[in-house]
Each structure stands twice: as C-alpha cells, then as structure tokens.
Amino acid sequence: MPWVSLPQYRFFYRLHGESSAPRVCFLHGFMGDSRDFDETIDRLVSTAYCLTLDLPGHGQTETSDGMTGYAMPAIAQGILALLTQLDFLPCHLVGYSMGGRLALYLVHRFPESFLSLLAESASPGLATASERQQRQQQDERWAVELETTDWSACLAKWYSQPLFAALQDAPCFQPMLQRRQQNCPQTLALALRGMSTGVQLPLWEALAHLDLPITLLVGDGDLKFRDINQRMVRSCLTAQFVVLPNCGHAPHLEVPALFAAAVQAHLQQVS
C-alpha cells in the first residue's frame, strides 16, 4: 500500500517511472494533493522517477501531533524521513507555491539531501515582522472560514481571488475543483495556520548561501510573483529565472506541456 508510517505522520505517496532514472520529488500547493502534477509527470515518466505525496492536512496523509505536525520544520523533518525510508535520496525537488516555500526550506535546512530545486510560483517568506503579522491575521480569517462555512462556497471564494484569475479560465479548473472537494476543510485550516507565510521563517538572507542549481519559475500573468522571483534571483547566485507564457499562478495546471518541458530542461541542465 502507498503509505509510510512515521512517529508523527502517516504519509500517502505515489511513485511513477523506473527507479533507475533521476529521482524527482514533487510538493503540491495549498488545497492540492499528490495528483496535482499528474499531467506533468505523464510527460516526464520515461526519463524521471517521480514521487508525489499528500502534505499534512491534505489528501490522505495523517498527523498525530496536533498543531506541531502542521508546522514547516516538523513537516520538513517528516518528508526527509519519508524520502530516507523510500531510499529516494538524494533527489531533485519541484515545489509549487506553499510546496515551493517548503522546498526552499528543505534545501536550506538539508542541503546535502537534494540535487537541485525548481520552485514554481514560490517565495522565501515575508521580510518584515509587520508583513508577517498582517499575513498571519489574513490566513487566520481564512482558517476560520474553512472551519465554519460551507466547504463548496469557501472553495469557490478561495479561487475567486485575483491571484487565480488565469486558472479560472483554464480547462483544468473544474476537474481541479472536484479534486479539492475531497479534502477536509478542518485539516486544511490547520495546515494554513501551520504553514502560513505569516509564521514562516523568512529565507531571504539564506538565498545567498544556497549552492545547488535552482530554477525559479513563474507564469507571465502572475505579476506579484514575477516581482518576488526577480528579487530572489538577484539574491541567489545559483538561480535562473524562467517565465512561462499564457499562464498565471499555477503553470503546472494551466500549461502542463510547457511546465513539463521546463522541468525537463532544468533536469538536463543539472544532470
């Protein structure tokens, strides 16, 4: 069965491809699950050994450690233990949005375990205490909505945010919403509190010390994250900046063929 039981977690995971190929671990974003990268992996499976997993609070992964189990340091330790048990190290990391922030933390905290990073629509956190406090308050309001309001209505409201404007027009949108419906809003609320950008250790200063190959990827319509990632690439000497056309905050869902080609190009450059 595709589960690994650890002291804090029972991780649900999926493996795709041949174990002799380069290992690539994919980390999904908030409200996602291990299926979010399927269209990308379908295009990579002949040349890469791909691992996807449900992050705590999402899909079928379980945690037994209360709020501590939803914090980024604990999740990072859990993922490292999962990868170790699956004999999946060292590996390449691909992370989207929240999963991209987690991936940045992983390569900062455990640099010897990872070969490269492709961070999609990600950030290293918020630089100032006032920004973090404001974001924490914003995410707490969303967490309360997840716990107290109709799940379908809350889901529709989340994806009506301007950040997801391009995603709403993509063919993948309705199938994606159906997958999201299978999540539990109560555990999503815990994940949002624990993994909020407002509580994340900011990694802006750490960027200059990362020495593994990094691709920072965004969609051309995602102006906010284009600006963030342009600032990131100036701080990180090992990073390259890639902008994909005709998409917004979720290129892997909106333009999966282009995204898969970008992942393949990244892997070829670092192999």
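Is Lys157 buried, partly exposed or exposed? Lys157 is partly exposed, with a relative accessible area of 41%. Here buried means under 20% relative accessible area, exposed means over 50%, and partly exposed lies in between (1.4 Å probe, protein chains only).

The model is predicted: local features need pLDDT of at least 70, side-chain atom pairs count only at pLDDT 80 or more, and totals for chains, interfaces and linings use all residues. Residues are numbered from 1 along each chain as its sequence is written, and side-chain values use heavy atoms, without hydrogens and water.

The structure holds 10 salt bridges. A salt bridge is a side-chain nitrogen of Lys or Arg within 4 Å of a carboxyl oxygen of Asp or Glu. Lys157 forms one with Glu145, at 2.7 Å from N to O. Helices (H or I, at least four residues) and strands (E, at least two) are DSSP runs, numbered from the N terminus. Glu145 is partly exposed, at 21%.

Within helix H4 (residues 129–148), Asp139 and Arg135 are 4 residues apart, about one helical turn. Their side chains meet in a salt bridge of 3.1 Å, N to O. Asp139 is buried at 2% relative accessibility, whereas Arg135 is partly exposed at 25%.

Asp36, Arg179 and Arg180 are linked in a network of salt bridges.

Strands S8 (residues 214–219) and S9 (residues 239–244) run parallel, joined by 6 bridges. Two strands pair if DSSP finds at least two bridges between them. Gly219 has Leu244 in S9 as its bridge partner.
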